[in-house]
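I am opening a notebook page on this structure. My entries record what I looked up, in the order in which I looked.

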Amino acid sequence: MLKLLKYELKANQKLLILGVVMFFMFVLMRIALTGDIFGRVNGFNLLISTVFLGGLPIVGLVIYFFYATYKIMWSEFSSHEGRVAFTTSISGFAFIASKLLTVLIFAIISFAIHLVLVQSIMFTVLTPSYSMLSPIRLISQLLEQMTGLFKHILILFISALFTKTLAANVKFKKSLAFLVFLALHILYDLFARVLLIFIDAVTNIPIFNWTFQAGPIQLQNLTEAGMFFSYLVGIILIVAMTFLSGALIDKKLNL
Amino acid sequence: MDNIVTIRQLQKNFGPTNALNSINLTLEKGKVYGLLGPNASGKTTLLKILAGLISSYSREVLIDGHKPSTKTKRIVAYLPDRSDLYSWMTVRETIEYYHDFFEDFDMQKASETMEFMDLNNNDVVEKLSKGMKARLKLALTLARDAKLYLLDEPFDGIDIKTREKLIETIINSQRDDSCMLISTHHVNYVEYLLEDLIFLSKGHVLLKKNIEELREQNNKSIVKMYVEVFENA
């Protein structure tokens, strides 16, 4: 898998360099505008920071990340280029896992740029007591965003993969892929919830700290331990979806 | 007889289209087969199934006794009709890629073939002409010590000089322990390369015979027979 990762990084090295350059450029811009990378932004500087660091660059960052993700995950399926990979004895799991690791590298770079662009302004102004540099909060936020992100990427990928595997010869394959997309979202949330309820029931660890019930609607809030387990459950489901993608490539490919 | 490929009643549909219909075929080690047929006869589909790029089909396909899978991909060298290489790589990087992912890839043989084919290590795949890409694909495929070689239209859109080089490379790569299946509709280019012919039309095997026997029986060239067979198909 490391060999695959090497080629994925080589294939996307220009985008990778662009991300790193963007990060340092925005760090320098922020220091130039506010005098401090994580310092509190006030008055006129806040206005300038919001315009120059919060507007267009955010749109650019979103486009950058999604373009990179699309290119990494889908290039071998969207054209004939790179299909040599499917004639090798590489397992589908290794193929997808190396792609996800590459996306993870891009996600970390994008997350770092995001911190410089928005979060530091928001947290220092709106919630000044919030410590941006608290490692636990940073890790918690990173885990929350990454599990959420990879959940969506994998659900989207598996749905699209249906058009190249099980549903390759179906007339309305794109509509079917959309239905698979919806079904996978529902199944993911259902599994995640069942697993958390299961952990809550079989261990002494409190997962939910309050429940609000009004007719059929039930709202539950997670404790800190519950949050940790929700990330863990997220990681388990992401690994399961990676295996599912790999199995589809190994057993049901239809190019 | 030592069969490398056994196909029984193979059926493949693309939606309502019947691409392959009740194909029964065995391929032996040590032989070079020509898979001949007009466009849309099912040649590429058959090769893709053997290469493991199409996994959904009915009935049985066995390569060295195993269903097409990551295991059989270790012994199958496939040359597709379109370039499947990464366009951003240089020739040297494609060689490294093959070396990294195909255990049977022979670096020495690759270097020799690249030199014979006038390929420059520093050229980027994207910038290569169609003919040079064809040379590169064939050089990489034949640098593997595979048990089964699948060549899909290796001579399409290339000049005479390149074609002669490709044919010479194919001849030099023939081994007793391997089998080669060459799909083409340029019968005249490959006639003297082949031992057995398989005529495919509309997903059916019309004929599978030794090329010498065919010539003796019909007293005609293969090109003439090809035209007659497919006129009546």
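Entry 1, domains. I began with the domain assignment of chain A, which gives domain 1 (1–133) and domain 2 (141–255). I note that the model is a predicted one. I then looked up the contact between the two domains: domain 1 of chain A contributes 16 residues, and domain 2 of chain A contributes 19 residues.

I asked which helices of chain A each supply at least two residues of the side of domain 1 that touches domain 2. They are helix H3 (43–78) and helix H4 (92–125) of chain A. H4(A) gives the most to this side, with nine residues. Sorted by class, I recorded 12 nonpolar residues, three polar and one charged on the side of domain 1 of chain A that touches domain 2 of chain A.

I turned next to chains A and B, where 22 residues of chain A are in contact with 24 residues of chain B. On the side of chain B that touches chain A, strand E1 (3–14), helix H2 (70–73) and helix H3 (91–101) of chain B each supply at least two residues. H3(B) gives the most to that side, with three residues. By class, the side of chain B that touches chain A has 11 nonpolar, eight polar and five charged residues.

Within chain A, confidence is highest in helix H1 (residues 2–11), at a mean of 94, and lowest in strand E2 (residues 217–222), at a mean of 70.

Notes: Residues numbered from 1 in each chain as written. Chains lettered and ligands numbered in written order. Predicted model: local features only at pLDDT ≥ 70, side-chain atom pairs only at ≥ 80, totals over all residues. Domains from an automatic or database assignment. Contact = placed C-beta atoms within 7 Å. Helix = DSSP H or I, 4+ residues; strand = E, 2+ residues; numbered from the N terminus. Nonpolar A, V, L, I, M, F, W, Y, C, P; charged D, E, K, R; others polar. pLDDT = per-residue confidence, 0-100.
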